[in-house]
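Subject: Handover of the structure and findings

Dear colleague,

Please find the structure below, together with its sequence.

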Amino acid sequence: MLAPLPSQRWNRQTAGHLLNRAAFGGTPAEIEATCKKGVAAAVRELVNVSADAAQVPPPSWAKPRNIRAERTQIRMAKGQGQNSKEKQRAIQTMEGENLLDLRRWWLDRMMNGPAPLLEKMTLFWHGHFATSAQKVRDAYWMWLQNDTLRRDALGSFPVLVKKISRDPAMMIYLDLQQNRKEHPNENWARELMELFTVGIGNYTEDDIRAAARAFTGYHIDYATQQFRFAPRQQDLGMKTFMGHSGPLNGDNIINILIQKPACAQFIARKLWLFFVEDEPLQETIDLLADRIRAHNFEMRPVLRELFSSAEFYSERALGMQIKSPVQFIVQTTRLLQTQLPSPMVAQNAMRQMGQILFAPPNVKGWDGNKAWITTSTLFFRYNFANYLINGDAMLPSRALVHANVPDPAFRPAVQRQQLAEQIKRPPIDIRKIVPEELRDKPRELIDLLSARFFPKQLSEKETNTFVEFLDARTPDTGDATMRELVHLMMSTTQFQMV
Amino acid sequence: MKTKTTLQTRREFLRTSVLGAAATWTLPVFLEKTFFALDAMAASAATQIVTGKDGTILVVLQLAGGNDGLNTVVPYADDAYHRARPRLALRDEQILKIDNHVGLNPKLTGLKALYDEGHLAIIQGVGYPNPNRSHFRSTEIWQTASDASRNETHGWLGRYFDNCCSGVDPTVGVAIGEEMPQAFVAKNPTGITFSRPEQFRWRASEPGKGHLTAEEHFFRQLNGSDEEITAAANNGASIGVLPGKATSELSTVEFLQRTALNAQLSSDKILAIARKYKSTVAYPQGQFASSLNIIARMIAGGLATRVYYASHGGFDTHAGQINTHTRLIGQFNDAVSAFVADLKQQGNFERVLLMTFSEFGRRVAENANGGTDHGAAAPMFIIGGTVKAGLLGQYPSLVDLDRGDLKFNIDFRSVYGTVLDKWLKARSEVVLGRNFPVLAIV
């Protein structure tokens, strides 16, 4: 059993920690409100998401199309010597725009949605069942997978795995729809074990071959964009998988995997890495794995215990994680009490920081923590904070078209114009963050802002550096100087922590 | 010159500031220690250190996803090749023939030319014992140069930085991209990553007008690089090496601080080079080309880098392989050709060695989807002005297979070891843990 947090340790810092990790951070007012609720009520509120919250209306374009008919049309046009490339290009452009909108839609839910933990858990599963639009090439399918992840994000893990094995985006990503009786494809079978359930070292190459055969018959209906089971393609022959023999099918394989002690261990470790700390103690993982088994892989009660535990609030965890790029974007925007950047800018920012939603680098998902930080991404974080604070005024005037595009010369003027529009952004309203009466009281102002921006209290020396900056500016206490101060506070390693 | 302006700003700051003594609080203890060790080291450093300014340079190019070795270096004369790949086998008449058994993919015209002029070594059948067919695990094995049965955290180039590169600045290793390759992971984070040199800098809220703004001064201080350290680093003293016997891993916080410092220290140099050096050779479009273009510019500008690293993905061709692989191999060929032309024009081709690798080759038999599944042994390319050209090793048998995959003849660590010993003049045994047979490539 994980030890519950002693109530005397519930304070603004621990309340802020809960909001940072189980949601996307809180403003001082939100932290105060959470603190007043007490730990039990605060956790309950985050975890007990209503069924409605998981049923999110899709973006307007997210509807299935008859892809089969579309392809036939293109093929016929080609056969008749017509220009089929144009039609293809139109589809590609549409998919690109829809994907951009899908990213906006999800970031907006993280930022303003009624159930932040649900979105955080959906993000966890997106990294776990990593699937990239680069291969799937269809925004509807990417949305559909996101919806599937959200609906079961806090529910049963075995149910979720089975749904994902029938998820068209995943099936395309890991070639499961090409898995035929005569020619089993091993891609999905391998990753199911290595990355989704038991982890490497807990299966053999023969297990992979047997599992590949068991998952035959999984197809996609391209006329409706839905999963379809094709019984005639199913290999019903005898298979031996991890010591179980029989005419096993895909669900049988998943059931066998879930029963393996390694599975609860694997999920426990991944949850702990995502929500708590980079280098967990094995005994903590053992405890959490026990709880996962005790709760039959139901995520809601597992998370309730996790967020109520003393381990979650330990000194090893408080403010010791590096923000993911998505967390950086959403949390910084929230802390500045401003709006998300335009979809195009947000998408570029995710790319440059190394975490584009719906396009993880590979099926392993994002490595996270230290891997987020390189010299390149660190500079980008600092500069992106500058943009969020000061708007496009921070860019050199010519940079409007150069800023985020590698080769503007190859882009038509219309697109460049659109991009310039997307990059436009006013400076933040600094008065929301800096009270008038503290502008000429550097030390009090720094203390106030530090509490807002940093997960841990700064040392005396650290505070002094910012105070010195304000002193050097005296008597200028104008908005621009205040924004510069905020940018300076965000251009630190401390601001990367959560 | 930069230091001078900083000093002026600093004096200005001291004059205007009440609390004159600037705090160096972000300079963590481990750096302070390093700092004190610098004097001693500088004093005892009798030999000049080789850097990428005038010494040899290694460029590592990763073909991520598992490049199909059989359709890259093609055993066209082997019937088994055509039998195993009724749809994917390349036709004899298109192959760029090396000898009467193997030839290059028809797209590799530039590499064929390099071979003919004596600047390309093809190492056949490279792999390792007990090959792992997982992308991630096999990539890890290649990146850390570990045995398949062992887990190693630090990369092979990271261990090279740790053990053989004391007394150089963080730009000793440069990875193009946003991600640090595991090969660079070291006890002491050395090496930097960036994707666009022009953007590799911190922007002040109030863009400076030819001098450092006060904000920038504070920024440098906050990120652990005010002028003392910068000056020390520019003098060739080390910030890349911890003194003493530090064996523990850096904490997350220390890791962040070190990275911030590395970024700050290298930014000015890289920006200056990027502004000054442009290639006159035309590079094609695409990621391979843009990465190699940046590397060529950095080499031209005399960055102290000894190891450059670039990666390009998409080689995981489980389905519909022909089109994808042809396109990727073509991009690779065109980019390398432009890079070599650029280096020749600079007069730097003799100092550069480019090495390709992929985490594994692909299965001999094609699958039902016009693709190939994860395999094992595959060829590597070594390109350079002073490389010993030729075809090394044996092409593995296409019928005596290990679970449908080629058996390796040459351990990839033999290639690494040779590059370390003969090219970088580092003791490979220290980096790789033991000695591997040396190959005749340099």
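I begin with helix 9 of chain A, in which A139(A), Y140(A), W141(A), M142(A), W143(A), L144(A), Q145(A), N146(A), T148(A), L149(A) and R150(A) are buried. A residue is called buried if 20 or more other C-beta atoms lie within 10 Å of its own, exposed if 12 or fewer do, and partly exposed in between, with C-beta atoms placed from the backbone. Helices (H or I, at least four residues) and strands (E, at least two) are DSSP runs, numbered from the N terminus.

Before going further, please note that this is a predicted model, in which local features need pLDDT of at least 70 and side-chain atom pairs count only at pLDDT 80 or more, while totals for chains, interfaces and linings use all residues. Residues are numbered from 1 along each chain as its sequence is written, and chains are lettered from A and ligands numbered from 1 in the order in which they are written.

Helix 9 of chain A, continued

This helix covers residues 139-151 and has 13 residues. From its first C-alpha to its last it reaches 18 Å, close to the 18 Å expected at 1.5 Å a residue; the expected span is 1.5 Å times one less than the number of residues. Helix 9 of chain A is mostly covered, with 11 of its 13 residues buried. Those buried residues pack against several helices of chain A, including helix 6 (84-112), helix 7 (116-128) and helix 10 (157-165). Contact here means that the C-beta atoms of two residues, placed from the backbone, lie within 7 Å.

Two packed helices are described by the angle between their axes and the distance between the axes. Axes are lines fitted to C-alpha atoms, for helices over the stretch in contact, and angles run from 0 to 180 degrees between N-to-C directions. Angles under 35 degrees count as roughly parallel, over 145 as roughly antiparallel, 65 to 115 as roughly perpendicular and the rest as oblique.

Within chain A, helix 19 (residues 343-353) and helix 20 (residues 375-390) pack at about 150°, their axes 9 Å apart. Helix 19 of chain A is therefore roughly antiparallel to helix 20 of chain A. On the helix 19 side, A349(A), Q352(A) and M353(A) meet T377(A), F380(A), R381(A) and F384(A) of helix 20. The residues of this contact divide into four nonpolar, two polar and one charged. In this scheme Ala, Val, Leu, Ile, Met, Phe, Trp, Tyr, Cys and Pro count as nonpolar, Asp, Glu, Lys and Arg as charged, and the others, Gly among them, as polar.

Helix 20 of chain A also packs against helix 9 (residues 252-276) of chain B, at an angle of about 85° and with the axes 9 Å apart. These two helices are therefore roughly perpendicular. T375(A), L378(A) and F379(A) in helix 20 of chain A meet T259(B), A260(B), N262(B), A263(B) and S266(B) in helix 9 of chain B. That contact has four nonpolar, four polar and no charged residues.

Which helix of chain A gives the most to the side that touches chain B? The contact as a whole takes 51 residues from chain A and 48 residues from chain B. Helix 20 of chain A gives the most to its chain's side, with nine residues. By class, the side of chain A that touches chain B has 12 nonpolar, 23 polar and 16 charged residues.

Chain B and its strands

Chain B has 13 helices and 12 strands, and buried residues make up 55% of its 442 residues.

Strand 1 (residues 57-63) of chain B is mostly covered, as seven of its seven residues are buried. In a regular strand the side chains alternate between the two faces of the sheet. Here I57(B), V59(B), L61(B) and L63(B) point one way, and L58(B), V60(B) and Q62(B) the other way. Two strands pair if DSSP finds at least two bridges between them. Six bridges join strand 1 of chain B to strand 9 (residues 352-357) of chain B, and the two run parallel. L61(B) stands opposite T356(B) in strand 9 of chain B. Strand 1 of chain B also pairs with strand 8 (residues 307-312) of chain B in the parallel sense over six bridges.

Strand 5 (residues 120-127) of chain B is likewise mostly covered, with eight of its eight residues buried. Strand 5 of chain B pairs with strand 10 (residues 378-384) of chain B in the antiparallel sense over five bridges.

Yours sincerely
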